[in-house]
Amino acid sequence: MRTRLLAATLTALAAVSLAACSSSGSSSGKATTAAGSPTTAAANPSDASTGSAAATPATSTPSTPSAPSASATADGATGAPAGSSPGADGSAPAKPAPPADAGLPAKPDSDLTGKVVAALNAIDPAIVGGKPDQVVEQARKQCQSMYQFPKDKAKLIELADQHFTSPDHPQGFGPDTAAKINDALRTTLCPSPR
């Protein structure tokens with residue numbers, strides 16, 4: 001009796017594993033349905049060989065509870081890699097998008113604002129142009145750019161030229177000044193890149 005039960009359980013486990021491996025879309029509903037059919041089929045031939053109706057509940061009852069646990073094990077084993085493997089259409093799993101304010105430093109207090117303004121005035125007083133609040137907001141946006149493109153110096157220089165403009169410099173202050181602005185912001189306002 002135990003041998004038949006073990007054989008039925010192993011057959012059900014093999015059927016569940018085969019069904020889980022062969023299904024292209026890893027759906028627990030499909031795996032459970034596929035697991036239920038082979039378990040019943042495996043239990044019925046055992047019952048037919050014994051020839052008794054009383055053996056049917058004894059054989060099918062233990063194998064039925066073991067089939068869902070085997071199914072759960074198979075789903076858990078195949079479910080974890082399936083989440084990290086490419087989808088059915090071959091695309092990579094979607095990476096969550098960073099928040100819109102990623103890399104944006106908090107609004108600085110008056111001491112830090114003074115340091116940022118002083119560092120930018122040391123480069124060129126026209127950068128601040130008498131508008132410290134506006135230049136601090138531009139600096140925060142530049143910090144966010146530094147977070148997004150930590151190793152792309154050319155891109156950061158281009159973005160600094162876009163963020164820091166004045167009436168006399170509507171296209172920015174040029175690449176040399178933009179590089180100095182980036183250096184000044186790294187030492188005052190911007191957190192270290194990732």
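Among contacts in the chain between residues at least 6 apart in sequence, what percentage join residues at least 24 apart? The share is 63%, where contact means heavy atoms within 4.5 Å.

## Basis of the model

This is a predicted model, in which local features need pLDDT of at least 70, side-chain atom pairs count only at pLDDT 80 or more, and totals for chains, interfaces and linings use all residues. Residues are numbered from 1 along each chain as its sequence is written, and side-chain values use heavy atoms, with hydrogens and water left out.

The predictor's confidence in each residue is given as pLDDT, from 0 to 100. Its mean over the chain is 71, and 51% of the residues reach 70 or more. Over residues 26-85 pLDDT stays under 50, and for these residues the model has 47 contacts beyond four places in sequence.

## Overall architecture

The chain contains eight helices and zero strands, giving the pattern α-α-α-α-α-α-α-α along the sequence. Helices (H or I, at least four residues) and strands (E, at least two) are DSSP runs, numbered from the N terminus.

Of the 194 residues in the chain, 31% are buried. Buried means under 20% relative accessible area, exposed means over 50%, and partly exposed lies in between (1.4 Å probe, protein chains only). The accessible surface of the chain comes to about 11,500 Å², and 59% of this area belongs to carbon and sulfur atoms. These areas come from the Shrake-Rupley method with a 1.4 Å probe; for residues, only the protein chains shown count as cover.

## The nonpolar core

A nonpolar core is a set of buried Ala, Val, Leu, Ile, Met, Phe, Trp, Tyr and Cys residues joined through side-chain atoms within 4.5 Å. The largest such core has 21 residues, and those with the most contacts inside it are Leu120, Ile127, Val135, Phe164 and Leu185. At least two residues of this core come from each of helix H4 (110-123), helix H5 (125-128), H6, helix H7 (153-163) and H8. H6 gives the most, with five residues.

Leaving aside neighbours within four places in sequence, Leu120 is in contact with Ile127, Val128, Val135, Phe164, Ile181 and Ala184. In soluble globular proteins, nonpolar side chains tend to be buried together.

H6 has 17 residues and reaches 24 Å from its first C-alpha to its last, close to the 24 Å expected at 1.5 Å a residue; the expected span is 1.5 Å times one less than the number of residues. Among the buried residues of H6 are Val135, Val136, Gln138, Arg140 and Cys143. The buried residues of this helix pack against H4, H5, H7 and H8. Gln134 also has its place in H6 but is partly exposed, with a relative accessible area of 42%. Its C-alpha atom is separated by 9.8 Å from that of Phe164, 30 residues apart along the chain.

In H7, the buried residues are Leu156, Leu159, Ala160, Asp161 and His163. H6 and H8 are included in what covers them.

## The disulfide

A search of the whole structure finds one disulfide, defined as a pair of cysteine sulfur atoms within 2.5 Å. It joins Cys143 to Cys190, with an S to S distance of 1.9 Å. The pair links distant parts of the chain, 47 residues apart: Cys143 lies in helix H6 (residues 132-148), and Cys190 in the segment after helix H8 (175-188). The link is left-handed, with -85° about the S-S bond.

Both ends count as buried: Cys143 has 3% relative accessibility, and Cys190 has 8%.
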